[in-house]
Amino acid sequence: MFDAIVIGGGPAGLQAALTLGRMHREVGLLDSGEYRNASVAHAQNLVTHDGRAPEEIRRLARADLADYDTVRIVDTTVRAVEARDDGGFAAVTEDGVFAASVLILATGLRDELPPIAGLAEAWGREVAHCPFCHGHELSGRRIAVLGSGAHAAAHRAMLSPIGSEVVVVDPGVVVGVDRVAEGLVLRLRDGEAIEVGGLFVQPTSTQRAPFAAQLGLRTLASGSVEVDPMGRTSVPGVFAAGDMAHTAAMPGPMASLAVAIAAGQLAAAAAVHQLVAREIDAERGTVS
């Protein structure tokens, strides 16, 4: 029995576990080992870690957590989560059932790319979706944006100061993508080929795990879990952090390591406050 269970070992979950550990709360961090940025060679736009490999950031974070006796990391896959009769929650895993008073979800999103040959093989390398995270590395080179409408126009404008040229191509025009030494070759339906340093696309993102649905959490039009500014969901005792959740004021989730870390800390702080409130209520009930 833990004070808190954190599901997800990415930046949001790791920070949540650290915050809880520093408050000497018994916390179980359940990590499946599957990460949204698994194919990314270098994480960018994170102060003190700019350009560091994501797996190295996770290794360093785990080393930090090892200094806290109340934090237990379990490398396991959670199959289901459920509310308990005592007001707490249970996580059913391949290694058994873990129970806690509060639950923090940090399971992230899964990206589905347009059905273009070769695109998946370049994803996280020459193909990306965030100019803030992967734009600078293409400085002075031709950059392509796959898409149309306002989203493509915004990406083109953001990348224009970075690239030597920014070209927008419609998804229906591109039939294949080939990785080459200097970037990518986009093969077009009319037989033309365009060589670029990198390509930005907008994937379709969905919840990586089914836990929001299992718990009946309120979601937004984006498909993300709705949270308040402190990471509280619509179900008391359940918190969400990272790119799986955002506030209603935001149009969608931000795929940012820094934002995910901040969200993990806020959710953990809110969880501690809820634990304290319950303990105070319990003491008052005993006294009375």
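Reader: Let me start with His24: does this residue count as buried or exposed?
Author: The relative accessibility of His24 comes out at 63%. Here buried means under 20% relative accessible area, exposed means over 50%, and partly exposed lies in between (1.4 Å probe, protein chains only). With its 63%, His24 therefore counts as exposed.

Reader: Before we go on, what kind of model is this?
Author: Residues are numbered from 1 along each chain as its sequence is written, and side-chain values use heavy atoms, leaving out hydrogens and water. Local features need pLDDT of at least 70, side-chain atom pairs count only at pLDDT 80 or more, and totals for chains, interfaces and linings use all residues, since the model is predicted.

Reader: Back to His24, then: what is its phi?
Author: His24 sits in the loop between α1 (11-22) and β2 (27-31). Helices (H or I, at least four residues) and strands (E, at least two) are DSSP runs, numbered from the N terminus. His24 isn't a glycine, yet its phi is positive, near 55°.

Reader: And what about the phi of Asn45?
Author: You'll find Asn45 in the loop between β2 and α2, partly exposed at 45% relative accessible area. Asn45 isn't a glycine either, and its phi is positive, about 65°.

Reader: Which residues of helix α2 are buried, and how wide an arc do they fall within?
Author: Helix α2 covers residues 54-65, and the buried ones are Pro54, Ile57, Arg58 and Leu65. The arc is taken from the directions between the helix axis and the C-beta atoms. Seen down the axis, the buried residues line one face of α2, because they fall within an arc of 100°.

Reader: Which residue does Asp243 pair with in a salt bridge?
Author: Asp243 is in the loop between β17 (238-240) and β18, while its partner is in the loop between β2 and α2, 207 residues apart. The closest N and O atoms are 2.6 Å apart, and the partner is Arg36.

Reader: How many salt bridges does the whole structure have?
Author: Another of them joins the side chains of Arg179 and Glu126, at 2.9 Å from N to O. That pair links distant parts of the chain, with Arg179 in strand β11 and Glu126 in the loop between α3 (119-122) and β8. A search of the whole structure finds a total of 14.

Reader: In what order do the strands of the parallel sheet run?
Author: Two strands pair if DSSP finds at least two bridges between them. The edge strands are β8 (127-128) and β10 (165-169), each pairing on one side only. Inside, 3 bridges join β9 (142-146) to β14 (198-200), with Ala144 partnered by Leu199. The 4 strands form an open sheet in the order β8-β14-β9-β10.

Reader: Which helix lies across β9, β10 and β14?
Author: Its buried residues Ala152, His155 and Leu159 are on the same side, because they cover an arc of only 60° around the axis. They pack against α4 (131-134), β9, β10 and β14, contact meaning heavy atoms within 4.5 Å. Axes are lines fitted to C-alpha atoms (for helices over the stretch in contact), and angles run from 0 to 180 degrees between N-to-C directions. The helix, residues 149-159, runs at about 165° to β9, and its name is α5.

Reader: What is the average twist between strands in the antiparallel sheet?
Author: That open sheet has 3 strands in the order β11-β12-β13. One side of β11 (174-180) and of β13 (193-196) is left without a neighbour in the sheet, because each has a single partner strand. From one strand to the next, the twist averages 20°.

Note on methods:
A salt bridge is a side-chain nitrogen of Lys or Arg within 4 Å of a carboxyl oxygen of Asp or Glu.
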